[in-house]
Amino acid sequence: MTRTHRLFQLMQVLRRLPSPVTARDLVNETGVSLRTIYRDIDALRGLGAVIDGEAGFGYTLIEDAALPPLSFSDDELEALVLGLREVKVIGDPALAKAASVALSKLKARLPARQTHRLQHAVLDARRWGRPPEPGIDVVDLRKATWDEATIALEYADAQGRVSLREVDPLSIVYMQSSHMLLAFCHLRKDYRVFRLDRMRAMARTGASFRPRRVPMLREHMARLRALALEKAKDRSSDAAPVPARQEGDYSAQEEN
């Protein structure tokens with residue numbers, strides 16, 4: 001393996017693995033020694049890569065405009081195009097616009113052959129019906145989730161009754177027929193799923209649950225997976241096979 005190829009591989013591993021990436025993880029991924037990893041990290045920094053961290057704590061790659069743009073394999077490009085087209089179909093207005101802009105940027109920066117492949121990709125995404133429109137500004141909700149800020153919601157149940165909730169927003173999930181917020185509900189003192197189209201108003205409370213969003217989300221997802229497995233076992237006696245995971249798995253914890 002040439003040094004250039006090794007540095008490129010190291011960059012790819014830093015991009016792909018959850019941050020911070022330990023030196024031992026890099027050794028396992030690349031097959032080189034710890035000493036080589038430390039030397040290659042220094043080399044990448046010298047070439048302009050912004051890599052936060054140090055030995056013993058792990059490394060985080062921060063994208064740097066000084067680095068040359070990544071090239072994509074044909075399959076990677078098809079995946080990007082399909083994903084962005086899907087966002088244009090199911091995303092809220094801000095995300096749909098962002099997906100269009102991202103596609104334009106890709107088109108402008110790719111080599112000529114791949115630009116042609118992007119314009120005439122064989123994969124596409126279509127929906128004959130869109131999920132209900134969110135009742136709040138999803139941009140504000142995304143920002144509050146990133147900021148790990150507790151929010152107050154006016155939320156309507158299936159009968160239209162509105163209640164006030166304080167929740168810690170963890171993740172937004174775009175489903176086939178509705179968009180969901182995974183959150184910890186202070187009223188229920190438990191994890192719940194809230195439909196965005198049933199939200200009537202949203203505001204920050206001023207409280208923060210930083211830095212607990214990621215572990216809380218992991219716990220929430222683990223519970224959802226457990227519910228899905230439990231429901232699959234209950235259906236195991238049915239003749240027809242049923243997918244282990246479907247939208248109903250989220251509705252098991254949906255707030256009514």
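**Stop 1: the aromatic pairs**

Select Y155 and F194: both are buried. Keep in mind as you look around that this is a predicted model. The two rings form an edge-to-face aromatic pair, with 5.0 Å from centre to centre and 90° between the planes. Now colour by secondary structure and you'll see that the pair links distant parts of the chain: Y155 belongs to strand β3 (residues 149–156) and F194 to strand β6 (residues 190–195), 39 residues apart.

Searching the whole structure turns up two aromatic pairs, so go and find the other one, F184 with Y191. That pair is edge-to-face too, at 5.4 Å centre to centre and 80° between the planes. Are its two partners buried or exposed? F184 is partly exposed, because its relative accessible area is 21% and the cut-off for buried is under 20%. Y191, at 4% relative accessibility, counts as buried.

While you're looking at rings, show W146 and R213. The charged end of R213 sits over the W146 ring, 5.5 Å from the ring centre.

**Stop 2: helix α2**

Next, select residues 23–30, which make up helix α2. Show the side chains of A23, L26, V27 and T30, which are buried. Turn the view until you look down the axis of α2: the buried residues fall within an arc of 105°, so they line one face of the helix. What do they pack against? Bring up α1 (3–16), α3 (34–46) and β2 (58–62), and you have the packing partners of those buried residues. Just after α2, click on G31, which takes a positive phi of about 80°.

**Stop 3**

In soluble globular proteins, nonpolar side chains tend to be buried together. Here, the largest nonpolar core has 19 residues, and the ones to pick out are L14, L26, I37, I41, L44 and I51, which touch the most other members. At least two residues of this core come from each of α1, α2, α3 and β2, and α1 gives the largest share, with five.

Centre on I37 for a closer look. Apart from neighbours within four places in sequence, I37 is in contact with L10, A23, L26, V27, T30 and V32. A second, separate core holds 16 residues, including A144, A149, L153 and L181.

**Stop 4: a loop and a helix**

Jump to L123, in the loop between α6 (112–119) and α7 (138–146). L123 is partly exposed, with a relative accessible area of 34%. Leaving out neighbours within four places in sequence, L123 is in contact with E78, L82 and R85.

Then step back to T115, which is in helix α6. At 14% relative accessibility, T115 counts as buried. Beyond its neighbours within four places in sequence, T115 is in contact with K107 and L110.

**Last stop: colour by pLDDT**

The chain averages 84, and 89% of the residues score at least 70.

Key:
Residues are numbered from 1 along each chain as its sequence is written. Side-chain values use heavy atoms; hydrogens and water are left out. Buried means under 20% relative accessible area, exposed over 50%, partly exposed in between (1.4 Å probe, protein chains only). Helices (H or I, at least four residues) and strands (E, at least two) are DSSP runs, numbered from the N terminus. The arc is that of the directions from the helix axis to the C-beta atoms. Contact means heavy atoms within 4.5 Å. A nonpolar core is a set of buried Ala, Val, Leu, Ile, Met, Phe, Trp, Tyr and Cys residues joined through side-chain atoms within 4.5 Å. Rings of Phe, Tyr and Trp (its six-membered ring) pair if their centres lie within 6.5 Å; planes under 30 degrees apart count as stacked, over 60 as edge-to-face and the rest as tilted. A charge sits over a ring if NZ of Lys or CZ of Arg is within 6 Å of the ring centre and within 35 degrees of the ring normal. pLDDT is the predictor's confidence in each residue, from 0 to 100.
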